[in-house]
Amino acid sequence: AAAPASVLQAPGYNRPLFAAGLARALIDMGVRCVVAAGWAVDDEPAALFASRFYEALLSGQRFIEAVGVARLATWQNHPGSNTWAAYQCYGDPDWRWRQRVGDVASGR
């Protein structure tokens with residue numbers, strides 16, 4: 001017997017709409033920023049996107065800047081892939097990752 005088709009491959013399935021709905025649900029639950037792929041991505045470009053995105057965030061760049069850095073690096077290094085454009089970004093564009101100092105249990 002043939003394996004059942006994935007819901008992601010079902011006729012009429014809308015990946016970008018699903019990504020947007022998932023992002024909205026996460027933001028409604030309190031997540032500040034979401035990056036969701038609107039279509040299938042290639043492994044190597046996706047790994048580069050993620051690396052550059054998190055490097056930029058950890059260096060203090062704003063969410064929107066980190067996305068831009070990651071997209072540009074991915075586009076420049078993998079010109080034959082559209083992975084750089086797959087990422088839909090939602091939330092606060094000015095959000096920055098900040099390391100909390102102190103004991104989380106103490107409330108500081």
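**View 1. Right-handed crossing of α2 and α3 in the predicted model**. Helix α2 passes α3 in a right-handed crossing. The axes of α2 (residues 43–58) and α3 come within 8 Å of each other, and the crossing angle is roughly 145 degrees. From α2, the residues at the contact are Pro45, Leu48, Phe49, Arg52, Phe53, Ala56 and Leu57. They meet Phe63, Ala66, Val67, Val69, Ala70, Arg71, Ala73, Thr74 and Asn77 of α3. By residue class, this contact of α2 with α3 comprises 12 nonpolar, 2 polar and 2 charged residues.

View 2. Ser81 counts as buried because its relative accessibility is 9%, under the 20% cut-off. Its side chain makes a polar contact with the side chain of Asp42 at 2.7 Å. A polar contact at 2.9 Å joins the side chain of Ser81 to that of Thr83. Leaving aside residues up to four places away in sequence, Ser81 touches Asp42 and Pro45. Pro45 is also one of the α2 residues that meet α3.

**View 3. Trp97 in the segment after β2**. Trp97 is found in the segment that follows β2 (87–91). With a relative accessibility of 36%, Trp97 counts as partly exposed. Leu57 and Leu58 are touched by Trp97 when residues up to four places away in sequence are not counted. Leu57 also belongs to the α2 side of the contact with α3. The C-alpha atoms of Trp97 and Ala56 are separated by 9.8 Å, with the two residues 41 residues apart along the chain.

Terms used:
Residues numbered from 1 in each chain as written. Predicted model: local features only at pLDDT ≥ 70, side-chain atom pairs only at ≥ 80, totals over all residues. Heavy atoms only, no water. Helix = DSSP H or I, 4+ residues; strand = E, 2+ residues; numbered from the N terminus. Buried < 20%, exposed > 50% of the residue type's maximum accessible area, 1.4 Å probe, protein only. Contact = heavy atoms within 4.5 Å. Polar contact = N/O pair within 3.5 Å; in protein donor to acceptor, adjacent residues only side chain to side chain. Axes fitted to C-alpha atoms, helices over the stretch in contact; angles between N-to-C directions. Left-handed = near helix turned anticlockwise from the far one by under 90°. Nonpolar A, V, L, I, M, F, W, Y, C, P; charged D, E, K, R; others polar.
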